[in-house]
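Trainee: I have a model open and want to learn how to read it. Can you take me through it feature by feature?

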Amino acid sequence: MAQAYAEETGHDRDEPGPVRSRVRRLIDSRGRRLINGWRGRDVWRRGLVVAACAVLLALLMILHAQVPNDVGNLGSLLETFLPWIGMVTIPVLLACALFRRSASALVALLLPVIVWLNLFGGLLTSKSGSGGDLTVITHNVNADNSNPAGTARDVAASGAHVVALEELTADALPAYERALKSAYPYHTVKGTVGLWSAYPIKDARAVDIKMGWTRALRATVAAPKGEVAVYVAHLPSVRVKFNAGFTAGQRDDSAEALGKAISHERLANVILLGDLNGTMNDRALAPVTSQLRSAQGAAGDGFGFSWPASFPMARIDQIMVRGVEPVSAWTLPETGSDHLPVAASVNL
């Protein structure tokens with residue numbers, strides 16, 4: 001019956017039917033309209049607003065250091081999230097340029113892309129090596145951490161030789177000490193920051209960062225390849241307020257005090273570990289960043305964002321060095337804190 005029907009109607013089941021032909025004609029028609037939409041002079045006249053926004057974005061990233069801090073510390077706020085300015089805005093402008101079929105907007109968009117790659121392109125590739133004489137970790141453990149022993153075990157499992165912890169509380173400190181004792185027989189705690197080491201510690205003292213209580217220390221770690229001056233610091237928090245902007249005045253004063261202390265350090269090998277509540281791009285940390293190298297910037301894998309732990313958007317936890325050579329740098333998995341631990345290996 002099927003064969004008779006095919007013969008009677010003149011249709012062969014193996015031949016393309018009218019539906020397939022209509023689909024092909026529809027695709028061809030839309031393809032021609034798409035191509036034709038990018039022809040003519042209008043492609044250069046459309047999307048001029050998008051093109052202007054792309055140019056302004058490029059200028060903002062180039063001149064970020066010129067954005068004033070006088071009103072709400074806007075410059076520091078911009079620099080804290082500077083990588084995201086491009087990562088979020090460029091795709092939006094690209095979508096707008098394609099929607100408007102604007103050649104001028106696409107050409108203008110090359111400017112912020114080139115600027116962003118110049119600023120952050122080096123972080124897209126891994127620079128991590130292998131080995132290293134000394135592995136260090138810094139972790140803001142969060143004063144409200146409900147499982148300090150578990151956090152301590154996670155950190156110790158990394159195999160680091162030196163561990164710095166910030167936001168230690170009097171109630172949680174014994175749990176950290178018990179959990180870290182076997183792997184790190186030497187430790188010192190000053191105020192709310194502490195240093196644990198597999199190697200002997202000496203000359204430990206608090207560092208005054210102008211807060212009224214102790215949130216920084218300095219100690220000498222006698223590593224097998226040589227002595228290292230290790231600083232642990234937790235600079236004041238910053239806040240973004242509607243009526244006050246980016247409130248970071250106390251953080252900035254503490255950064256200046258910490259930078260002054262480091263400038264007086266006599267040992268050649270220096271490592272700074274801590275939650276600095278600011279990124280390497282933030283001009284307010286210049287008293288510190290002008291003297292030390294970022295281990296993540298020199299030997300890291302990617303941006304190394306460390307906060308907030310649930311969706312990291314900024315690297316405010318830093319490992320910075322002077323006189324030693326970073327080999328690798330990375331972030332560790334969540335531990336129950338609102339920060340991720342960050343680690344680095346260095347050659348002395």
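Trainee: What is the accessible surface of the protein chain, and what share belongs to carbon and sulfur atoms?

Mentor: This is a predicted model. The accessible surface of the protein chain comes to about 17,600 Å². Carbon and sulfur atoms hold 57% of that area.

Trainee: How many of the residues count as buried?

Mentor: Of the 348 residues in the protein chain, 45% are buried. The cut-off is under 20% relative accessible area.

Trainee: Which helices and strands am I looking at, by count?

Mentor: The protein chain has twelve helices and 14 strands. Now take the contacts with a separation of 6 or more: residues 24 or more positions apart account for 68% of them.

Trainee: Let's go to one strand. How do I read the two faces?

Mentor: In a regular strand, side chains alternate between the two faces of the sheet. Now apply that to strand S4, residues 193-197. On one side sit Val193, Leu195 and Ser197; on the other, Gly194 and Trp196. Both faces are covered, and these residues are all buried.

Trainee: Why is S4 described as largely enclosed by the rest of the structure?

Mentor: Because five of its five residues are buried.

Trainee: Which strands pair with S4, and in what sense?

Mentor: Strand S2, residues 162-166, pairs with S4 in the antiparallel sense over five bridges. Strand S3, residues 186-190, also pairs with S4 in the antiparallel sense, over five bridges.

Trainee: Next, aromatic rings. How many pairs are there?

Mentor: Read a ring pair by two values, the distance between centres and the angle between planes. The structure holds six aromatic pairs. Start with tryptophan 84 and phenylalanine 311: the ring centres are 6.3 Å apart and the planes lie at 40 degrees, so the pair is tilted.

Trainee: Where do those two residues lie?

Mentor: Tryptophan 84 is in helix H6, residues 82-100. Phenylalanine 311 is in the loop between helix H12 (295-299) and strand S12 (317-322). The pair therefore ties together parts that are 227 residues apart in sequence. Phenylalanine 311 is exposed, at 52% relative accessible area.

Trainee: How does the pair of phenylalanine 303 and phenylalanine 305 stack up, by distance and angle?

Mentor: Their ring centres are 5.1 Å apart and their planes are at 20 degrees, so this pair counts as stacked. Phenylalanine 303 and phenylalanine 305 are both buried. Ring pairs link these residues into a cluster of Trp84, Trp116, Phe120, Phe303, Phe305 and Phe311.

Trainee: What about nonpolar side chains on the surface? Which residues form a patch?

Mentor: Val55, Leu56, Leu59, Ile62, Leu63 and Leu111 form a nonpolar patch, with about 520 Å² of accessible area together. Helix H4, residues 48-62, gives the most, with four residues. Valine 55 is in H4, and is partly exposed at 33% relative accessible area.

Trainee: One last residue. Is histidine 64 buried or exposed?

Mentor: Histidine 64 counts as buried, because its relative accessibility is 14%. It lies in the loop between H4 and helix H5 (74-80). Leaving out residues up to four places away in sequence, histidine 64 touches Leu78, Glu79, Leu82 and Arg283.

Technical notes
Residues are numbered from 1 along each chain as its sequence is written. This is a predicted model: local features need pLDDT of at least 70, side-chain atom pairs count only at pLDDT 80 or more; totals for chains, interfaces and linings use all residues. Side-chain values use heavy atoms; hydrogens and water are left out. Patches are made of residues with over 30% relative accessible area and no salt bridge: like charges are joined within 9 Å, nonpolar side chains (Val, Leu, Ile, Met, Phe, Trp, Tyr) within 5 Å. Accessible areas come from the Shrake-Rupley method with a 1.4 Å probe; for residues, only the protein chains shown count as cover. A salt bridge is a side-chain nitrogen of Lys or Arg within 4 Å of a carboxyl oxygen of Asp or Glu. Buried means under 20% relative accessible area, exposed over 50%, partly exposed in between (1.4 Å probe, protein chains only). Two strands pair if DSSP finds at least two bridges between them. Rings of Phe, Tyr and Trp (its six-membered ring) pair if their centres lie within 6.5 Å; planes under 30 degrees apart count as stacked, over 60 as edge-to-face and the rest as tilted. Contact means heavy atoms within 4.5 Å.
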